[in-house]
There are 2 protein chains.
Amino acid sequence: MTTDSKKKEGLVPEPSLRRMPCYLAYLKLAKRQNKQYVSSTHIARDMGVDPTQVTKDLSYTSIVGKTRVGYEVNVLIDVLEDFLGFCSLDEAYLFGAGSLGNALLHDHGLDQYGLKITAAFEVDPKLIGREIEGVPILHIDEFKKMKQGVKVGILTVPAEFAQEVAQTMVEGGIKGIWNFTPIRIRLNDDVVIQDTSLYAHLAVMFNRMKNLNLNEV
Amino acid sequence: MTTDSKKKEGLVPEPSLRRMPCYLAYLKLAKRQNKQYVSSTHIARDMGVDPTQVTKDLSYTSIVGKTRVGYEVNVLIDVLEDFLGFCSLDEAYLFGAGSLGNALLHDHGLDQYGLKITAAFEVDPKLIGREIEGVPILHIDEFKKMKQGVKVGILTVPAEFAQEVAQTMVEGGIKGIWNFTPIRIRLNDDVVIQDTSLYAHLAVMFNRMKNLNLNEV
């Protein structure tokens with residue numbers, strides 16, 4: 001084993017991690033249908049994934065299915081939720097309460113997945129002092145005065161401020177930045193940056209649809 | 001060229017497509033800083049991408065940079081916006097006006113990227129008949145009576161209804177489904193499905209942060 005692979009030991013591959021919430025959703029459906037056990041073969045079939053891939057993905061949680069029976073639905077739900085960090089509620093701060101930030105404040109689904117936005121930071125005087133869905137919007141300068149310990153920050157500021165605000169976030173103790181801007185943030189290695197550009201996804205969809213049209217003509 | 005590669009001709013690789021909105025954001029910043037030209041070397045350096053990759057990504061738009069000068073900022077912005085389909089405004093219908101659907105209705109950023117939600121469909125009697133941000137919420141049965149021609153549908157219903165509603169969407173003429181549910185939708189090949197599970201991204205971020213903590217201890 002090389003030093004590099006040793007360093008990455010325990011790092012679950014991103015595609016596996018991304019599939020796990022899908023398995024979780026699938027299992028919750030199975031539970032509602034009063035199913036007690038599901039096999040990796042069934043999960044694979046219904047989700048269009050290879051069965052060995054399902055087994056491998058789930059093995060990262062250290063759960064083991066029973067031969068000929070599969071996984072116990074209730075147990076696998078608990079194990080997955082715990083593994084994914086959806087059980088414990090993490091506090092998060094929102095940076096930028098403009099259009100997309102405002103939108104995220106309306107999404108109570110985040111709570112279910114372990115994230116609770118408790119404050120939002122802005123520079124726009126029209127927004128500061130207001131509340132959206134019970135979350136206070138404060139001036140960004142207030143962030144430095146806030147209690148320490150909040151590790152997750154959601155970045156939804158305009159592109160031109162993304163890098164600068166990300167640096168401020170890190171100085172204030174943020175360890176994980178969920179970056180909704182289309183800007184590639186550059187920071188030290190001890191900060192996790194998760195890029196989620198909705199518009200990048202939109203670009204992919206538009207291109208695939210255009211291609212579909214070309215093929216039809 | 002094999003038949004398969006011929007079939008895929010014109011299909012821009014997804015990683016390239018995903019980077020394009022990032023280039024666009026970068027170029028808009030450059031424009032605001034009154035820059036006339038940018039080179040692929042500069043883009044690469046500032047975005048942490050390989051320079052040959054930048055050149056290759058941009059070549060899909062058929063734009064060619066000038067030696068020693070690079071790309072004209074204004075031209076490249078127009079070319080990219082056009083290529084990505086962000087110039088023309090596409091109408092879209094929203095399916096599910098619950099928490100996440102409601103959130104997306106608050107995101108006016110989508111307009112800028114060429115998507116305008118003009119109606120939302122629901123089954124919840126508490127929501128039907130209301131308006132959110134000027135968009136009417138109608139019963140899902142009304143969808144069938146709506147004018148044809150809207151090709152983009154955004155799917156934000158609860159997981160257990162995802163497959164069923166997706167089928168209804170396709171029957172009503174939807175050709176591209178932006179799927180925000182964690183369910184893998186299974187449909188014919190003539191429909192584009194773009195999966196965007198916010199919670200899958202959250203799972204990746206939580207895992208990476210956990211890993212960071214383990215390494216620190």
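How many residues does the contact take from chain B, and how many from chain A?

Mentor: Please keep in mind from the start that this is a predicted model. The contact takes 72 residues from chain B and 71 residues from chain A. Between them, chain B and chain A bury about 6,400 Å², and 65% of that area lies on carbon and sulfur atoms. On the side of chain B, the three residues B:R184, B:Y199 and B:H201 supply 11% of the area that this chain buries against chain A, which is more than any other three residues supply.

Let us turn next to the polar side of the contact. Between chain B and chain A there are 20 residue pairs in polar contact, with both residues at pLDDT 80 or more. Several elements of chain B each supply at least two residues to the side that touches chain A, among them the helices α2 (14–32), α3 (40–47) and α5 (73–84), and the strands β8 (176–179) and β9 (192–195). The helix α10 (198–216) of chain B is also one of these elements, and α10(B) gives the most to that side, with 16 residues. Sorted by class, the side of chain B that touches chain A has 37 nonpolar, 15 polar and 20 charged residues. As for charged partners, the rule finds two salt bridges across the interface of chain B and chain A. In a salt bridge between A:R32 and B:E160, the side chains meet at 2.6 Å, taken from N to O.

A search of the whole structure finds 18 aromatic pairs over all chains. In one of them, the rings of A:F86 and A:Y113 have their centres 4.9 Å apart and their planes at 90°, and because planes over 60 degrees apart count as edge-to-face, this pair is edge-to-face. The pair links distant parts of the chain, 27 residues apart: A:F86 lies in the loop between α5 (73–84) and β3 (90–95) of chain A, whereas A:Y113 lies in the loop between α7 (109–112) and β4 (115–122) of chain A. A:F86 has 4% relative accessibility and so counts as buried, and A:Y113, at 14% relative accessibility, counts as buried too.

In chain B, the residues B:F86 and B:Y113 form an edge-to-face aromatic pair, with 4.9 Å from centre to centre and 90° between the planes. This pair also links distant parts of its chain, since B:F86 sits in the loop between α5 and β3 (90–95) and B:Y113 in the loop between α7 and β4 (115–122), 27 residues apart. Both B:F86 and B:Y113 are buried.

A:N34, which lies in the loop between α2 (14–32) and β1 (37–38) of chain A, has a positive phi of about 60° although it is not a glycine. A:N34 is exposed, with a relative accessible area of 67%. In chain B, the phi of B:N34 is near 60°, again a positive value in a residue other than glycine. B:N34 lies in the loop between α2 and β1 (37–38) of chain B, and at 67% relative accessibility B:N34 counts as exposed.

Definitions and conventions: Residues are numbered from 1 along each chain as its sequence is written. Chains are lettered from A and ligands numbered from 1 in the order in which they are written. This is a predicted model: local features need pLDDT of at least 70, side-chain atom pairs count only at pLDDT 80 or more; totals for chains, interfaces and linings use all residues. Side-chain values use heavy atoms; hydrogens and water are left out. Contact means heavy atoms within 4.5 Å. Buried area is the accessible area (1.4 Å probe) that two parts lose on being put together, summed over both. A salt bridge is a side-chain nitrogen of Lys or Arg within 4 Å of a carboxyl oxygen of Asp or Glu. A polar contact is a pair of N or O atoms within 3.5 Å; within protein, one must be able to donate a hydrogen and the other to accept it, and residues adjacent in sequence count only if both atoms are side-chain atoms. Helices (H or I, at least four residues) and strands (E, at least two) are DSSP runs, numbered from the N terminus. Ala, Val, Leu, Ile, Met, Phe, Trp, Tyr, Cys and Pro count as nonpolar, Asp, Glu, Lys and Arg as charged, and the others, Gly among them, as polar. Rings of Phe, Tyr and Trp (its six-membered ring) pair if their centres lie within 6.5 Å; planes under 30 degrees apart count as stacked, over 60 as edge-to-face and the rest as tilted. Buried means under 20% relative accessible area, exposed over 50%, partly exposed in between (1.4 Å probe, protein chains only).
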